[in-house]
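This report walks through one chain. It starts with confidence and domains, then turns to strands and helices.

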Amino acid sequence: MRKSTLLFFMAFGLTSTLFAQFTLPQLPYAYNALESAIDAQTMEIHHSKHHAAYINNLNNAVKGTPTAEMAIEDIVKNISKHSMAIRNNGGGHFNHSLFWSILTSEKNTMPNAGLQKAIEKQFTSVDSLKKLMNVAAATRFGSGWAWLIVTPDNKLAVCSTPNQDNPLMDIAEVKGTPILGIDVWEHAYYLKYQNKRPDYLAAIWSVINWTEVSKRYDAAMPPKKSIWEQWPSLNTFHGVMASTFHPSEEGNLKPIKARSAEMVAKAEALNAQAYPDEYATPAIKDAVARLISGSKELDALVKKKSKDAVLTQKLKSLHDVFHEIVGLCKDSH
Ligand SMILES: [Fe+2]
């Protein structure tokens, strides 16, 4: 490569670094889409002026530094290493980007099953959660945010932060991954609600996008373990069932005749240890009891040298019970 060409590419690379910029995300709805809770003028000023200003100030604060190349999440997570200008404006950019995404004009969105279950476990009901969020938001002195977060131990919690801080920041008093945030700066509600912050908080729940909050919840939680990882003894039983039932479908009863006692032992093992938390339901325990008694009956039939047709029928019914358990486990996920 010629020296001048090399210099050109080096200069181009440097230029592109210097010009890396954070940009204002487009709203996924019109400014007037949330009128029932937030008026169009507030939305327009909030997005095109306030959020745009945070981005402009952030770009000025990071210009020409390695921070300009970083993802906003990574900046926010290590905010103690950055200047106050980056903390305020980077926080402002992150928080508002999240805020726009968790609002919608779509009516009656709902938490998904996993989030609903976690809300009920932590707060009893969605209504109790709303009350807690509203208290956190109403009592946040001055400007700030109220948050629903996933804590480092994968539980839900409600908290609030001042200014443009958020719970993802390493300086936050309560840390976690925010999945729902309510902006309680006056610029978010003053035109329509003036000083009545509680009225704004009561109205905003009608435009919360629970589908998006659920997505954020799923992303913040560790991946679910499979049934087999959670319940190894069911996996072991599955091994015996698969290697006896499938041959029996083809008329080969040798495997079940050889392993009927083992099947009893493996079925009893399901009940011998504590059930994994999610699977400790009366329906699953009842099905396991039927699996054990059915396995014992099959073992007795084998020992009595019953006819192949009788053994096949009994094994088939046990196979059905086994799949009933697997289905119940999936439902409880
Ligand atoms: Fe705001």
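## Confidence and layout

The chain has a mean pLDDT of 93, and 94% of its residues reach 70 or more; pLDDT is the predictor's confidence in each residue, from 0 to 100. Residues 1–18 have pLDDT below 50, and beyond near neighbours in sequence this stretch makes 5 contacts in the model. Two residues are in contact if their C-beta atoms, placed from the backbone, lie within 7 Å.

This is a predicted model: local features need pLDDT of at least 70, side-chain atom pairs count only at pLDDT 80 or more, and totals for chains, interfaces and linings use all residues. Residues are numbered from 1 along each chain as its sequence is written.

The domain assignment gives domain 1 (24–220) and domain 2 (227–328). Such bounds come from an automatic or database domain assignment. The centres of domain 1 and domain 2, taken over C-alpha atoms, are 50 Å apart.

## Strands E1, E2 and E3

Helices (H or I, at least four residues) and strands (E, at least two) are DSSP runs, numbered from the N terminus. Two strands pair if DSSP finds at least two bridges between them. E1 has two such partners here, listed below.

| Pair | Sense | Bridges |
|---|---|---|
| E1 (residues 144–150) with E2 (residues 156–162) | antiparallel | 7 bridges |
| E1 with E3 (residues 177–183) | antiparallel | 6 bridges |

Trp-145 stands opposite Thr-161 in E2. Ile-149 has Pro-178 of E3 as its bridge partner. E1 and E2 form a hairpin with 5 residues between them, and Asn-154 in the turn has a positive phi of about 65 degrees.

A residue is buried if 20 or more other C-beta atoms lie within 10 Å of its own, exposed if 12 or fewer, and partly exposed in between; C-beta atoms are placed from the backbone. In E1, 7 of the 7 residues are buried, so the strand is largely enclosed by the rest of the structure. In a regular strand the side chains alternate between the two faces of the sheet. Gly-144, Ala-146, Leu-148 and Val-150 point one way from E1; Trp-145, Trp-147 and Ile-149 point the other way; all are buried. E3 also has 7 of its 7 residues buried, so E3 is largely enclosed by the rest of the structure.

H11 has 18 residues and reaches 26 Å from its first C-alpha to its last, close to the 26 Å expected at 1.5 Å a residue. The expected span is 1.5 Å times one less than the number of residues. The buried residues of H11 are Leu-234, Phe-237, Val-240, Met-241, Thr-244 and Ser-248. Their cover includes helix H10 (227–230), H12 and H14. Just after H11, Gly-251 takes a positive phi of about 85 degrees.

H12 (residues 254–272) has 19 residues and reaches 28 Å between its first and last C-alpha, close to the expected 27 Å. H12 bends by about 55 degrees at Ser-260. That bend is the angle between axes fitted to the seven residues ending there and the seven starting there. Ser-260 is among the buried residues of H12, which also include Met-263, Val-264 and Lys-266. Cover for the buried residues of H12 includes H11 (232–249), H13 (282–303) and H14 (308–332).

Lys-314 sits in H14. With 22 C-beta neighbours inside 10 Å, Lys-314 counts as buried. Leaving aside neighbours within four places in sequence, Lys-314 is in contact with Glu-297, Leu-298 and Leu-301.
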